[in-house]
Amino acid sequence: MDILEKIVRDKRREVALKKSLIPVSQLEGSVLFAREGVSMARTLRTSRTGVIAEHKRRSPSKSVINQSLNVADVAQGYELAGVCGMSVLTDGKYFGGSLDDLMHARAAVQIPLLRKEFMIDEYQILEAKAYGADAILLIAAILTPSEIKIFSELAKSIGLDVLLEVHNEEELRKSIMPSLDMLGVNNRNLKTFDVSLDISKSLSRQIPDDFVKVSESGISSVGAIRDLRQYGYQGFLIGENFMKTDDPGANALDFIKALS
């Protein structure tokens with residue numbers, strides 16, 4: 001069993017427990033559920049930088065990245081830096097995140113927020129809306145085409161943008177559908193954790209222009225973004241490069257200044 005299979009197995013147990021404790025009616029009755037979201041896809045289309053900065057405390061591949069920072073401070077730093085949006089890891093066991101991180105970030109900033117999670121149930125999409133997300137991540141590697149369709153249509157019906165993540169041509173082929181807003185290519189092999197920007201480059205021509213192209217993982221330089229732009233990418237998800245520093249916001253500001 002590889003790490004992705006372990007995460008999904010544990011996530012199913014976690015979601016089953018949450019569903020037994022917090023009913024859907026409670027999620028739908030939350031103040032943030034009625035909030036009108038900010039489109040991350042539209043923001044990326046009109047941006048000159050395309051940077052989506054991440055809040056991530058740890059990961060299975062890198063262990064501890066940064067456990068000491070307050071998520072609201074990080075969010076405000078990113079907003080001041082001029083990022084297009086923020087990705088918030090909400091998985092607890094493997095990434096040290098929580099839905100509270102999403103809620104605290106929402107209270108601190110106005111920029112679009114992406115709930116980055118291993119989505120395996122419609123319940124998690126309602127959670128995302130209830131805790132202040134503007135967009136959700138769907139991972140093609142752990143979902144069937146039918147699940148992608150059901151989940152993305154539900155997300156769109158409650159005002160959330162959808163970023164679908166793929167790792168190879170097979171996943172991309174099975175996943176393209178009108179209910180998606182953004183197609184993300186993860187440059188990290190989830191089985192080996194090896195990273196190569198060539199994955200984004202090789203899949204770029206197969207992503208229709210109807211979708212915002214987003215490159216994820218392994219982006220640590222301005223040069224990498226300039227290179228990927230030539231392949232039609234408008235969004236660039238950057239996590240560890242900022243979070244491994246003492247001041248992610250200041251680091252993001254320097255990065256964006258150099259990019260601009």
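Q: Which residue in strand 5 is the bridge partner of Ser87?
A: Leu114 is the one. Strands here are DSSP runs of E, at least two residues long, and helices are runs of H or I, at least four, both numbered from the N terminus. The model is a predicted one: local features need pLDDT of at least 70, side-chain atom pairs need 80 or more, and totals for chains, interfaces and linings use all residues. Residues are numbered from 1 along each chain as its sequence is written, and side-chain values use heavy atoms, with hydrogens and water left out.

Q: What makes strand 4 and strand 5 count as a pair?
A: Two strands pair if DSSP finds at least two bridges between them. Strand 4 (residues 85-89) and strand 5 (residues 113-116) have 4 bridges and run parallel, so they pass.

Q: How do you know that strand 1 pairs with strand 4 and with strand 10?
A: Same test, and Ile52 gives a handy view of both sides. Strand 1 is joined to strand 4 by 4 parallel bridges, with Ile52 standing opposite Gly85. With strand 10 there are 3 bridges, again parallel, and there Ile52 has Leu237 as its partner. Overall, a closed barrel of 8 strands runs 1-4-5-6-7-8-9-10, paired in parallel.

Q: What makes strand 1 mostly covered?
A: Of its 5 residues (51-55), 5 are buried. Val51, Ala53 and His55 point one way, Ile52 and Glu54 the other, and all are buried.

Q: Why is Glu240 called buried?
A: Buried means under 20% relative accessible area, exposed means over 50%, and partly exposed is in between (1.4 Å probe, protein chains only). Glu240, in helix 11, comes in at 13%, so it's buried.

Q: Why is Arg9 called partly exposed?
A: Arg9 has a relative accessible area of 33%, so it lands in the middle class.
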